[in-house]
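The briefing below is meant to be read beside the sequence and the coordinates. It begins with the surroundings of the ligand and then turns to the fold, the core and a few individual residues.

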Amino acid sequence: MNSEELILVTGATGFLGTQLVRELLDRQPHARLALLIRGRPDQSGHQRADLIVPPDERHRVQVHSGDVGQRNCGLETTAWQRLSAETTRVIHSAATVRFDHSLDEARRINVEGTRRVLDFAVGMRQLRSLAYVGTAYVAGERSDLVRESELAVGQSYRNTYEQTKAEAEALVRSRLGSVPGVILRPSIIVGDSRTGVTSSFKMMYWPLKIYARRLWRTVPGYPDAVLDIVPVDFVAASVARLVFDGTALGSTVHLCAGPRGSATIQQVARRAAEYFDAPEARYVDPKLFFAAIRPLLFISLWGRKRRVLRDGRAYRDYFTMRMQFDTTNAERLLEPAGLRPPPVLDYLDRLFHYCVASDWGRKPVSAQ
Ligand SMILES: NC(=O)c1ccc[n+]([C@@H]2O[C@H](COP(=O)([O-])OP(=O)(O)OC[C@H]3O[C@@H](n4cnc5c(N)ncnc54)[C@H](OP(=O)(O)O)[C@@H]3O)[C@@H](O)[C@H]2O)c1
């Protein structure tokens, strides 16, 4: 049935994209993939694809050098024409996930890149579906239960990433009349729930590392702040499933742990304290910390602790979040297929284990 499927994937070289490509190759044994990959000065798109696609699968993977930040996604005319004629599904996962980009730079990739992919998709003669990978954090600074149908409700954003992903999602929503699309919103993606393996040590991993190494134990936040994380295997399997689900078209789906599966900062910190044999975390009111304590510490601390103080600022919002993500659409669409995110506390130890085994991403870990 899938012999005619050609799935165009952007962001294939990323943390999620790498796992997604493997998932698509496994689950859709007759489908072909077209990967839009940026070349690097020292590595062509093909060389980068070779690191992701196993040799015995390369016959069904096309690699196209491209950049969603450029006109026509940076594709050569022949590639554009071929993909316009043959693509049946699009998964747009490419984005800049940096929090410190200027608004212009983040918009260039996240908003204008999405616009280019949508413009491309409109002209695809055989297109059956487009899955847009957004983020649950388009909810910005909300502190209530976020429904999948909601987008802009007057919230403000913590950074240019959240803002531009919200703008991009609004754009996708505005095109759903002309493009058969589904919007998928993961929360914070972490390592594989079965093995703990991750290629990305950003987000939750940095605060965890400094805590595990006993460099810091003061949390400028609330013990009951919500930590909604989802393992990359669940997110990749869900994206690969939903892009083929005609009943999902037009929906927005939270790929999140949700109120039942998420944990509090205190629960996670206690588990980490046990695992890493670290002292219990201390909680300080964040307003007091940033207004009075941090400036004083900045004067009195030197070396690593001062660097922790400086770098930790980027994570401040993750210790104060109280919003929860409603997962009604996700349960309706994914549970019949046996896909449900594992509760955060069920697989934390495996994530910790991989952090230690890989020395927080510094050394390779042989497959077990
Ligand atoms: N990680 C999370 O916790 C998380 C949570 C929620 C949602 N998401 C969403 O999931 C998606 C994937 O995130 P990720 O964590 O896998 O990020 P990532 O590891 O940084 O990967 C981003 C991917 O996008 C590609 N890309 C960036 N700019 C591009 C451009 N101008 N043209 C073509 N490709 C470009 C990157 O290519 P290069 O390799 O060439 O840089 C890379 O393949 C994003 O849409 C993100 O918003 C992520």
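Predicted model: local features only at pLDDT ≥ 70, side-chain atom pairs only at ≥ 80, totals over all residues.

**Ligand surroundings**

The ligand is surrounded by 27 residues, of which Gly11, Gly14, Leu16, Ala94 and Ala95 are the closest. Two or more residues of this shell come from each of helix H1 (15-27), helix H4 (103-122) and strand S8 (188-190).

- H1 supplies the largest share of the shell around the ligand, namely three residues.
- By residue class, the shell around the ligand holds 13 nonpolar, 11 polar and three charged residues.

**Overall fold**

- The protein chain contains 13 helices and 15 strands, and its C-alpha trace spans about 60 × 50 × 45 Å along the principal axes.
- Of the 368 residues in the protein chain, 39% are buried.
- When contacts between residues at least 6 apart in sequence are considered, 81% of them in the protein chain join residues at least 24 apart.

- In soluble globular proteins, nonpolar side chains tend to be buried together.
- The largest nonpolar core here has 93 residues, and the members that touch the most others are Leu35, Ala131, Leu184 and Val239.
- Helix H7 (residues 232-242) gives the most to this core, contributing eight residues.
- H7 is itself mostly covered, with 10 of its 11 residues buried; the buried residues include Val232, Phe234, Val235 and Leu242, and also Asp233 and Ser238.
- Val239, one of the core residues that touch the most other members, is among the buried residues of H7.

- Strand S2 (residues 32-37) is largely enclosed by the rest of the structure, because five of its six residues are buried.
- S2 runs parallel to strand S1 (residues 6-10), and five bridges join the two; in one of these pairings, Thr10 has Leu36 in S2 as its bridge partner.
- Beyond its neighbours within four places in sequence, Leu35 is in contact with Val9, Ala12, Val21, Ala49, Val61, Val63 and His64.

**Arg58**

- Arg58 is found in the loop between helix H2 (45-50) and strand S3 (61-65).
- With 13 other C-beta atoms within 10 Å, Arg58 is partly exposed.
- Although Arg58 and Arg32 are 26 residues apart along the chain, their C-alpha atoms are separated by 9.6 Å.

**Residues with positive phi**

- Most residues other than glycine have a negative phi, and most peptide bonds are trans.
- Asp277, a residue other than glycine, has a positive phi near 55 degrees, and its place is in the loop between helix H9 (265-276) and strand S14 (282-283).
- Asp277 counts as exposed because it has 9 C-beta neighbours inside 10 Å, where the cut-off for an exposed residue is 12 or fewer.
- Trp360 is not a glycine either, yet its phi is positive at about 55 degrees; Trp360 lies in the segment after helix H13 (344-357).
- Trp360 is partly exposed, since 16 other C-beta atoms lie within 10 Å.

Key. Residues numbered from 1 in each chain as written. Core = buried A, V, L, I, M, F, W, Y, C linked by C-beta atoms within 7 Å. Buried ≥ 20, exposed ≤ 12 C-beta atoms within 10 Å, placed from the backbone. Helix = DSSP H or I, 4+ residues; strand = E, 2+ residues; numbered from the N terminus. Contact = placed C-beta atoms within 7 Å. Near = placed C-beta within 6 Å. Nonpolar A, V, L, I, M, F, W, Y, C, P; charged D, E, K, R; others polar. Pairing = 2+ DSSP bridges.
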